[in-house]
Amino acid sequence: GPNRKRCREDEMLLGTVLDEGERGFIIDTRSAQAAKQARMTGGGTEPKSSYPQWKRLHRPLERGRPLQESFVKLVEACNDASINMDRWLSRLESSRWLSHVKAALSTACLAAQCMDREEASVLVHGAEGTDTTLLVTALAQVILDPSCRTLGGFQGLLEREWIEAGHPFHLRCARSAYSHARLKQEAPLFLLFLDCVWQLSRQFPFSLEFSERLLLTLFDNAYASAYGTFLGNNEKERCLCKVKESTHSLWAWLNQPGEEKKYLNPLYSHNALVIWPSVEPQSIQLWQGLFFRWIRSSQYLDEAWAEIQRLVEGN
């Protein structure tokens, strides 16, 4: 707040994370300006002198209306069959969606580098802790941990980092990009995460056990689902509504032997190494499998994947 009050309990908590001589990084997904403005309403940031072993790094990520508008602009451009090449490229750029993908991947890489190369502890901080915070922590784990790149491990990651950690799916995924209504709390944070994972799968085609089809299925179920996995905004709501007792789990369906193989990557080969993605603008591509799925048939791509799977199983 404006009086720069201290919180001794918070200082003690962060102090116990580090041994003497160790250091940590606080990655703040708000801009320095936003953190400064928050002081006027009793928030902001704590005095640096109270956390001598921690270094704060600001890496601003959009999480609200600007991200939703970016998503809507991109979908509208993708569905406009009348535009020429120059107009298409202009609308793609003005949507800024790929810039959001790049920013999310860059911040996740920073967190991963702090842990892997600096051997430091990392605290990721966001405005509410249930949006961009989860985006960064989940992506960093996919980059660092090969177990999170397996089908079962990725499901566990989503359950832990998004569902149990309280990402408000009911508010953020209330309507699709095709809706004319613009609800204040809407924002495609989870879609942005899935897009970033798709970028990783494209740059490292052998390192993820699951295929694009799983990511598309997760996107669909976040917005409209026959299962209860993404219902509600937090664990408290799900408990009060008895979601687990009253609905079926998406994971139970996906993990059936007959279903599971549909979502596996036939090219997968276990990679114990960290996968460092390129975040150069030339390396970030539009996720055509999602954004063009309603205007372009995936028949030939599906047939190609089926042939690859047949050849792999034949060997």
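Q: Which residues in H7 meet Leu214, Leu215 and Leu218 in H10?
A: In this predicted model, the H7 residues are Leu151, Phe154 and Leu158.

Q: What angle do H7 and H10 pack at, and how far apart are their axes?
A: The angle is about 25 degrees, and the axes are 12 Å apart. Helix H10 covers residues 212–223.

Q: Which residues make the contact?
A: On the H6 side they are Leu134, Leu135, Thr137, Ala138, Gln141 and Val142. H7 contributes Phe154, Leu157, Arg160, Glu161 and Trp162. Phe154 also takes part in the meeting with H10.

Q: Which aromatic cluster has Phe154 in it?
A: One made up of Phe154, Trp162, Phe169, Phe190, Phe193, Phe210, Phe230 and Trp251. Trp162, like Phe154, is listed in the H6 contact.

Q: How many aromatic pairs are there in the whole structure?
A: A search finds 16. Among them is Trp88 with Phe292, whose ring centres are 6.0 Å apart with the planes at 50 degrees, so the pair is tilted.

Q: Where do Trp88 and Phe292 lie?
A: Trp88 is in helix H4, residues 85–95, while Phe292 is in the loop between helix H15 (288–291) and helix H16 (299–314). The pair therefore ties together parts that are 204 residues apart in sequence.

Q: Trp88, buried or exposed?
A: Buried, at a relative accessible area of 16%. Phe292 is buried as well, with a relative accessible area of 16%.

Q: Switching to charges over rings. What lies over the face of Trp276?
A: Arg117 does, at 4.5 Å from the ring centre. Arg213 has its charged end over the ring of Tyr263, 5.6 Å from the centre.

Q: Where is Glu119 found?
A: In the loop between helix H5 (97–116) and strand E3 (121–125). Glu119 is exposed, with a relative accessible area of 71%.

Q: And what about the phi of Lys242?
A: Lys242 also has a positive phi of about 50 degrees without being a glycine. The residue lies in the loop between helix H11 (235–240) and helix H12 (243–246).

Q: Is Lys242 buried or exposed?
A: Exposed, because its relative accessibility is 52% and the cut-off is over 50%.

Q: Last one. Where is Asp28 placed?
A: Asp28 belongs to strand E1, residues 24–28. At 2% relative accessibility, Asp28 counts as buried.

Q: What is Asp28 in contact with?
A: Leaving aside neighbours within four places in sequence, Asp28 contacts Thr45, Arg56, Leu57, His58, Arg59, Pro60 and His125.

Definitions and conventions
Residues numbered from 1 in each chain as written. Predicted model: local features only at pLDDT ≥ 70, side-chain atom pairs only at ≥ 80, totals over all residues. Heavy atoms only, no water. Helix = DSSP H or I, 4+ residues; strand = E, 2+ residues; numbered from the N terminus. Buried < 20%, exposed > 50% of the residue type's maximum accessible area, 1.4 Å probe, protein only. Contact = heavy atoms within 4.5 Å. Phe/Tyr/Trp six-rings, centres within 6.5 Å; stacked < 30°, edge-to-face > 60°. Lys NZ or Arg CZ within 6 Å of the ring centre and 35° of its normal. Axes fitted to C-alpha atoms, helices over the stretch in contact; angles between N-to-C directions.
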